[in-house]
Amino acid sequence: MPVITHIEDLRRLAERRVPRMFYDYADSGSWTESTYRANEADFGRIKLRQRVAVDLRNRSLRTTMAGTDTAMPVALAPTGLTGMQHADGEILAARAAEAFGVPFTLSTMSICSIEDVAAHTKAPFWFQLYVMRDRDFIERLIDRAKAARCSALMLTLDLQILGQRHKDIKNGLSAPPKPTFANLVNLAMKPRWCLGMLGTKRRHFGNIVGHVKGVADMSSLGSWTAQQFDPALNWGDVEWIKKRWGGKLILKGILDEEDARLAVNSGADALIVSNHGGRQLDGAMSSIEALPAIADAVGSQIEVWMDGGIRSGQDVLKAVALGARGTLIGRAFLYGLGAMGEAGVSKCLELIRNELDITMAFCGRTDIRQVDRSILLPPHGPAVAGRTPLRALG
């Protein structure tokens, strides 16, 4: 393993090892990518308040997210095409998360199927659902998640229509990649990735191919997917899905206070402040900028989490200080996966844990559940009303 000191090291290694179309798929935003960049940059504007001469023994990062015990307030976010960053990528990421003690979320648009991941893990994982026009397929997908012992359903609300990512269009994104001259030249420069893919049969969307009428292979999948995201999705559908699922429900894609209140009214167990990694509405505010107002509005009524732009343990600490009960990482673990497979995901989690632990200590705290805005400098810190510690949320 090369010397890896922060997530950027993993990103650079992944860029060298993953074919361009799949690296670009993970590392891109919509249109001008302004929201994608703001997600990360806005963390840098939040300054920490250093404290000294505090007893820093017996530190703890443990908490819970939707009733799941976690080693730290971090879960792996659902990411499409994870199995194209590295062969069997979803299985490898799920195993790394299980060994580390944090939740893993499988995407509807995964390469490895729900059943694949369940067969290779022991701990229950979460399943992320996109709402399609084909409601029979959605019902069967929910039932498959139940049968696989998934402990929570994560419903994504901000993909009724698909935002445009210029890189995907220019690269001719497909899974597996089409054998064009440009693709073949690029693949020839990624021998590690190619050998991995030759060793697996998982090269298409495992949750869809073979489970949908008229979709038997990749040639028919593209047209089906383009027509299936449902622009009519509404809060009535959330109620229907909650009833069909019957378990823990997490709503992903909340950026507005009013939508957060509607999420509370829906009876969901948690909401995720998220702009889909800057991949949908370019020009929307960053997730960390949207977080405080949403946490103030509904944080005592529902667990508030956030994702978008987290590249370090310091970012996690800042999100918790601003009201997040938990956080999700997407690109950070994908960089690790693309760089070094399962070991790279484990390394990503280790980096974040160590940064989170050390930074929390420098801020004079020994328990992540005691972290609130008082660890931040103005305008985010003590000049603003204090935040209820996570412990008080139960």
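1. Buried means under 20% relative accessible area, exposed means over 50%, and partly exposed lies in between, with a 1.4 Å probe and protein chains only. Arginine 135 is partly exposed, at a relative accessible area of 23%. Its salt-bridge partner is aspartate 230, with the closest N and O atoms 2.6 Å apart. The pair links distant parts of the chain: aspartate 230 sits in the loop between H10 and H11, arginine 135 in helix H6 (residues 135-147), 95 residues apart. Aspartate 230 counts as buried, at 8% relative accessibility.

2. On the model itself: this is a predicted model, where local features need pLDDT of at least 70, side-chain atom pairs count only at pLDDT 80 or more, and totals for chains, interfaces and linings use all residues. Residues are numbered from 1 along each chain as its sequence is written, and side-chain values use heavy atoms, with hydrogens and water left out.

3. Helices (H or I, at least four residues) and strands (E, at least two) are DSSP runs, numbered from the N terminus. Two strands pair if DSSP finds at least two bridges between them. An open sheet of 8 strands runs in the order S3-S10-S9-S8-S7-S6-S5-S4, with parallel pairing. S3 and strand S4 (105-106) stand at the edges with a single partner strand each, so one side of each has no neighbour in the sheet. Strand S5 (residues 126-129) and strand S6 (residues 152-156) pair in the parallel sense over 4 bridges. Glutamine 128 stands opposite methionine 154 in S6.

4. Back to charged pairs. A salt bridge is a side-chain nitrogen of Lys or Arg within 4 Å of a carboxyl oxygen of Asp or Glu. The whole structure holds 25 salt bridges. One of them joins arginine 202 and aspartate 88, at 3.1 Å from N to O. Arginine 202 lies in the loop between H9 and helix H10 (218-228), and aspartate 88 in the loop between strand S3 (74-76) and helix H4 (89-100), so the pair ties together parts 114 residues apart in sequence. Arginine 202 is partly exposed, at 22%. Aspartate 88 counts as buried, at 18%.

5. Arginine 261 and glutamate 257 meet at 3.8 Å, N to O. Both lie in helix H12 (residues 257-265), 4 residues apart, about one turn of the helix. Arginine 261 is partly exposed, at 36%. Glutamate 257 is partly exposed too, at 34%. Elsewhere, salt bridges that share partners join Glu8, Arg11, Arg12 and Glu15 into one network.

6. Aromatic rings come next. Rings of Phe, Tyr and Trp (its six-membered ring) pair if their centres lie within 6.5 Å; planes under 30 degrees apart count as stacked, over 60 as edge-to-face and the rest as tilted. The count comes to 3 aromatic pairs. The rings of phenylalanine 22 and tryptophan 193 have centres 5.9 Å apart and planes at 25°, so this pair is stacked. Phenylalanine 22 lies in helix H2 (residues 20-26) and tryptophan 193 in helix H9, so the pair ties together parts 171 residues apart in sequence. Both phenylalanine 22 and tryptophan 193 are buried.

7. Tryptophan 126 and tryptophan 305 are stacked as well, because their ring centres lie 5.5 Å apart and their planes meet at 15°. Tryptophan 126 is in strand S5 and tryptophan 305 in strand S9 (residues 303-307), 179 residues apart. Both tryptophan 126 and tryptophan 305 are buried.

8. On a 1 Å grid over the protein atoms alone, a cavity is a set of points where a 1.4 Å probe fits but cannot get out, and a pocket is an open set with protein on both sides within 12 Å along at least five of seven lines; lining residues have an atom within 4 Å of a point. Grid points are joined across faces, edges and corners, and a volume is the space filled by probe spheres set on the points. There are 2 cavities of 30 Å³ or more. The largest cavity holds about 70 Å³. Its lining includes Arg17, His86 and Trp193. Helix H9 (residues 191-198) gives the most to this lining, with 3 residues.

9. The second largest cavity holds about 40 Å³. Among its lining residues are Tyr130, Gln160 and Asp230.

10. The second largest pocket has a volume of about 410 Å³. It is lined by 19 residues, of which Leu157, Asp158, Gln160, Gly253 and Asp259 lie nearest its centre. Helix H11 (235-245) and strand S7 (248-254) are the elements that give two or more residues to this lining.
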